[in-house]
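Please keep the sequence and the model in view while reading.

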Amino acid sequence: MFNIDFIFGASTASYQIEGSIDKDGKTSSIWDTFTKTKENILDGSDGSIVCDSYIKYKDDVKLLHELGVKAYRFSIAWSRVIDKNNNPNQKGLDYYINLCKELRKYNIKPYVTLYHWDMPQWLEDIGGFLNDEISNYFMHYTDVVTKAFDGYVSDYITINEPQCIMFLGHRLCVHAPGVKYNDKEMLKAIHNLLLCHGKSVKIIRKNVKNSTVGFAPCSRPMIPTTNDQLLYKKCYEEYYKLDRDNEYPNNVSIYSDPVFLGDYPKEYYEKFKDILPKITKEDLELINQPVDYIYQNFYSGTFYSLDKDNNLVKEPFPFGYPEGNIDWLQVVPQTLYYGPKYLYERYKKPIIISENGFCNNDVISLDGKIHDPERIDYINRYLIELEKISKEIPIKGYFYWSLFDNFEWNSGLKKRFGLVYIDYKNGNRIKKDSYFEYKKIIEKGGI
Ligand code: BG6
């Protein structure tokens with residue numbers, strides 16, 4: 001069982017669920033633009049309707065209430081609440097205020113993510129994260145939101161998965177805006193993104209009484225296959241290695257060290273000495289604002305062992321190993337044991353799992369229900385590991401991804417992570433078996 005004050009929640013993100021992409025003064029976001037090129041998305045779909053949460057938000061809250069969660073993590077679409085002249089758009093703000101009012105009616109706490117990847121297109125047009133003013137725009141946006149939500153929201157997450165923003169959006173270019181950065185640009189953009197985080201935290205602290213603040217990266221932990229201490233140490237070091245797999249924009253320490261420890265890793269200065277962006281002491285202090293939690297999105301891990309010379313080697317997944325209906329999602333429950341353990345060991349902050357979930361090829365059965373035993377199995381296995389580590393270090397909460405099936409970015413509508421099934425033909429919402437299982441777990445307070 002978890003502690004009595006453990007937060008069980010569910011997560012969503014604006015572009016993935018809201019629809020109504022041009023209502024009430026909303027401007028285009030980079031995802032509105034990116035999805036116009038049909039080849040960018042596996043099934044050519046887009047976020048124009050999806051779960052229709054802009055209209056059906058009261059139904060969303062009823063589903064959360066019946067599920068029994070104490071917390072709902074959703075994100076704000078920057079392009080809904082700030083217009084092209086950088087002024088507040090009251091109608092957009094009202095949508096989120098009404099959502100919060102509804103949540104409060106049922107005693108569900110809002111956890112608000114400020115940036116879950118949907119930058120206003122007009123900001124991308126003036127350089128996006130390469131524009132040195134971007135952190136001031138983000139600070140202004142934070143100021144507008146926190147003032148408008150005064151009395152409704154006290155828990156904020158600045159940025160979701162910086163890794164995906166940079167690696168998928170600007171290196172592989174499979175996510176919006178699909179603009180490739182060279183290394184020099186990448187480092188500058190990462191620094192600007194971290195400044196967005198830092199400046200935003202300062203504003204939240206100023207405007208919100210009793211606030212809690214965090215930052216939500218993602219990671220894929222190395223899982224030791226034995227109890228060998230040396231193997232554990234090597235897995236830990238590998239997890240934090242700056243340029244693991246030659247993918248520094250996708251790794252942990254480049255973002256989390258500056259935020260939680262106040263500086264980039266040593267390797268960063270060595271590796272990039274000729275192309276470093278301008279980094280001042282003031283910048284680093286700004287980025288290193290005190291935060292309350294490490295939020296982290298964990299889905300899967302990779303097994304490792306040692307060879308005869310004590311070198312770390314990746315273990316292949318055994319044939320027939322359970323995996324989700326998306327190429328990167330192998331079922332590795334120990335992810336929720338080792339991931340938090342590594343994070344706590346280095347950063348010493350309480351941890352909240354901001355996303356964890358399973359992608360399945362769900363179908364409506366002949367009885368009209370959605371039977372998803374694989375997802376039930378996934379949730380149970382992962383929560384057993386989380387319970388185990390919560391006896392060793394402070395784990396404050398768990399948000400299942402996602403409340404609904406939704407627009408899974410470049411995978412479109414085909415990939416389903418929800419506890420609630422969306423029938424995209426008619427907009428019907430059907431609770432899956434896993435919805436009832438998670439409800440039971442919440443009632444019991446654990447597995
Ligand atoms: C996380 C994101 O990467 O994983 C979510 O924060 C996303 O927004 C989820 O939906 C599932 O990943 P994918 O690749 O299916 O979109």
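The axes of helix α8 (residues 162-170) and helix α9 (residues 183-207) come within 11 Å and cross at roughly 150°, where axes are lines fitted to C-alpha atoms, for helices over the stretch in contact, and angles run from 0 to 180 degrees between N-to-C directions. Therefore α8 is roughly antiparallel to α9, a term for angles over 145 degrees. Helices here are DSSP runs (H or I, at least four residues), numbered from the N terminus.

| Helix | Contact residues |
|---|---|
| α8 | Pro-162, Ile-165, Met-166, His-170 |
| α9 | Met-186, Ala-189, Ile-190, Leu-193 |

This is a predicted model, in which local features need pLDDT of at least 70 and side-chain atom pairs count only at pLDDT 80 or more, while totals for chains, interfaces and linings use all residues. Residues are numbered from 1 along each chain as its sequence is written, and side-chain values use heavy atoms, with hydrogens and water left out.

Leaving aside residues up to four places away in sequence, Phe-129 touches, among others, Ile-165, Met-166, Ala-189, Asn-192 and Leu-193. Asn-192 lies in helix α9 and is buried, with a relative accessible area of 5%, buried meaning under 20% (1.4 Å probe, protein chains only).

Technical notes: Helices (H or I, at least four residues) and strands (E, at least two) are DSSP runs, numbered from the N terminus. Angles under 35 degrees count as roughly parallel, over 145 as roughly antiparallel, 65 to 115 as roughly perpendicular and the rest as oblique. Contact means heavy atoms within 4.5 Å. Buried means under 20% relative accessible area, exposed over 50%, partly exposed in between (1.4 Å probe, protein chains only).
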